[in-house]
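Trainee: I've got a new model to go through. Can you walk me through it?
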Amino acid sequence: METFLNRYRNVTVLLLVIFAQLVLLAVQVKNDQDVRMIRVWTVSAVTPAARLAEWLRGGSIGFLRDYVLLHDTHAENVRLQTEVNRLKLDNDFLKNELNTADRAKALALFQARTPSKTLAADVIGTGAGTNSRVVFVDRGSAAGVERGMAVVTPDGIVGKVIEAYPTASEVLLITDPDFAAGVISQKTMVRGTLKGQGTPMCKVDYIPPEEKLQVGDWFYTSGDDRVFPRGLPVGIVKVVRPGQPFQEIYVEPSGIQRGLEDVLIVIEGVHQVIPREPLANQPVYIAPGPPSDDEQTVAATPTAGTAADKLRAQYKAIGDAQNHKFGEGGVGEKPANFNLKPPPPGTAAPGTANQGLGTRDQGLGKPVPATQAPSPKPQSPVPSPQPPVPRTKPPAPGQPPAPVTDDVAQRPHSE
Amino acid sequence: MNYSDSERILLSSQREGQVSKFRFWVMLLVPLAAILFQVYVPLFFQFLGFLEMPLLVVVYFALMRRSQIHGLMVGALVGLAQDSLSKNPLGMYGIVNTLVGYFAASVGVRFDVDNLFLRLFLAFFFFVFHQFFYWVMARALLGQQLMFEIQRELIIGLLNAVVGIFLFHFLDRLRESV
């Protein structure tokens, strides 16, 4: 070493002196960023070495980890696969929860806006038979559910209650062959009867050949069946075939297209108008605005179901106004003057406004007594009176049944 | 040794060259006087501003001492003194003069530095080297965008070499003969 230094002493001293002056220079000089050159040079000299050292260290550790120490890779893979599977399940669960929340929100919105009184229920089971299109819901007679009540979703009708147990109810779906409901076309207002076929499509029967229906037209409940309130969406026409004596029309039900998990049971139905616009992009029903006072008066007026009923009710009202009792009075007694105008509906004698015809629950085939006076708070602004669907006690014994409170008799297509 | 009768400028061996010695005060005052000349004379005589007296002194002492360490030390000290009296950071002239002193001493070992033409050439060469290396360092270390006009530098180098001949001749009188 000493020989080496002696041999290169001059160069060594030169380098030392140059280095010392460079350090001196670097201490004084600053670069553009106002950093002393000594700091820049030091960092520039040290960082590559540090980077190289880090590269060597990382490479060595990475090599050891990736190629040498692989004894726990399989266990790690198994653990990660398990974690991935668990996360997939969690993801599916959360998606379902989100879907359920959306559905529940739509259901709650529909329930809040529809004028009918409804009861939310969850589908808890399906029918045992392969051909039976029935489901069970978790609301029964204890919750006020009765046989014949309509079951709907915001998208449309689903079916009707065919059996009400204390804690559950059995619902006949719209696709069951035994199901039938009165429907009305949105465009042409032609009436028909929807029947289940045991397939995803339902058939609309009794549509005359001259009625012009097209694929894409919507059908709504007509309210004629006394199960479903008027104005609920039923489905969209998918097939129209000419036939004799009636057209062959198939409808895709809209209420069950998104699956059945949450439904609404119509406890007390209120008729609504048929929407003018198609239901595309309108999954949630929006109730019409409140009616005016005049419309309320008109809506509260009972009307006869048929022309004979109307005439009978008119004469009875005139007779009651003159305290005339039908079937009484002897010969020569002056009869009541039936040429007078009938009194206004609000001045009718008690009991005369509650008359109606008995009807049948089409799904069950059992006669159901007519309702009492219509609801004093009709929700529909339509000119024609739309009393609530009868869901109350039958009339007193001996009292004549109330007339059908619909404008069915005024239409040529009525059933 | 008297080489006036010989036209050789390359020494056959290192022993052939004679190491000139100077008194301490000469080694102290001559560089100091050169620095003072560089500082004050151009204030009054601007046309003398081209002279690089400290560089010529370093070259002379390095050549005469024929010791690389001695030469680089003289160059370093003179250069640092120059830096101290200039606006440059300490070390710019120091590094350049250190290298000049080292290489000049290295040349003095191999060549007959008493030769007039060799002195002229060495003074010219080291002046250009000094200016060029300073320009490189100023650009590299300080980031200064200085101009290096080679034609001007060559002319000034020649003038400094001529002045250096006279300076060296004057300084030869101050050395001690062994």
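Mentor: Let's go through confidence, then some helices, strands and loops. Keep in mind that this is a predicted model.

Trainee: Okay. What is the mean pLDDT of chain A?
Mentor: The mean pLDDT of chain A is 74. In that chain, 72% of the residues reach 70 or more.

Trainee: Where is the pLDDT below 50?
Mentor: One such stretch is residues 295-304 of chain A. Beyond near neighbours in sequence, residues 295-304 have 21 contacts in the model. Another is residues 348-415 of chain A, also with pLDDT below 50. That stretch has 149 contacts beyond near neighbours in sequence.

Trainee: Helix 4 of chain A next. How far apart are its end C-alpha atoms?
Mentor: They are 59 Å apart. Helix 4 covers residues 73-113, which is 41 residues.

Trainee: Why do residues three or four places apart point the same way in an α-helix?
Mentor: An α-helix has 3.6 residues a turn, so residues with that spacing point the same way.

Trainee: Strand 3, then. How does it pair with strand 4 of chain A?
Mentor: The two pair in the antiparallel sense, over 4 bridges. They form a hairpin with 2 residues between them. In strand 4, Lys160(A) is the bridge partner of Ala150(A).

Trainee: What about the other pairing, how many bridges join strand 4 to strand 5 of chain A?
Mentor: There are 5 bridges, and those strands run antiparallel. Strand 5 covers residues 169-173. Strands 4 and 5 of chain A also form a hairpin, with 4 residues between them.

Trainee: Which residue in strand 5 stands opposite Glu163(A)?
Mentor: Glu170(A) does.

Trainee: How many residues of strand 4 are buried?
Mentor: The count is 7 of the 9 residues in strand 4, which runs over 156-164 of chain A. So the rest of the structure largely encloses strand 4.

Trainee: Switching to loops. Which peptide bond is cis, with omega near 0°?
Mentor: The bond from Gln244(A) to Pro245(A) is cis. Pro245(A) sits in the loop between strand 10 (233-241) and strand 11 (248-253) of chain A.

Trainee: What is the phi of Arg226(A)?
Mentor: Arg226(A) has a positive phi of about 60°, although it is not a glycine. Its place is the loop between strand 9 (218-221) and strand 10 of chain A.

Trainee: Is Arg226(A) buried or exposed?
Mentor: Buried, since its relative accessible area is 10% and the cut-off for buried is under 20%.

Trainee: Now chain B. What is the phi of Arg66(B)?
Mentor: Arg66(B) has a positive phi of about 55° and is not a glycine. Arg66(B) lies in the loop between helix 2 (53-65) and helix 3 (68-84) of chain B. At 12% relative accessibility, Arg66(B) counts as buried.

Trainee: How many helices and strands are in chain B?
Mentor: Chain B has 6 helices and 2 strands. Along the sequence, the pattern is β-α-α-α-α-α-α-β.

Trainee: And how much of chain B counts as buried?
Mentor: Of its 178 residues, 48% count as buried. The accessible surface of chain B is about 9500 Å², and 66% of that belongs to carbon and sulfur atoms.

Notes:
Residues are numbered from 1 along each chain as its sequence is written. Chains are lettered from A and ligands numbered from 1 in the order in which they are written. This is a predicted model: local features need pLDDT of at least 70, side-chain atom pairs count only at pLDDT 80 or more; totals for chains, interfaces and linings use all residues. Side-chain values use heavy atoms; hydrogens and water are left out. The expected span of a helix is 1.5 Å times one less than its number of residues. Buried means under 20% relative accessible area, exposed over 50%, partly exposed in between (1.4 Å probe, protein chains only). Accessible areas come from the Shrake-Rupley method with a 1.4 Å probe; for residues, only the protein chains shown count as cover. pLDDT is the predictor's confidence in each residue, from 0 to 100. Contact means heavy atoms within 4.5 Å. Two strands pair if DSSP finds at least two bridges between them.
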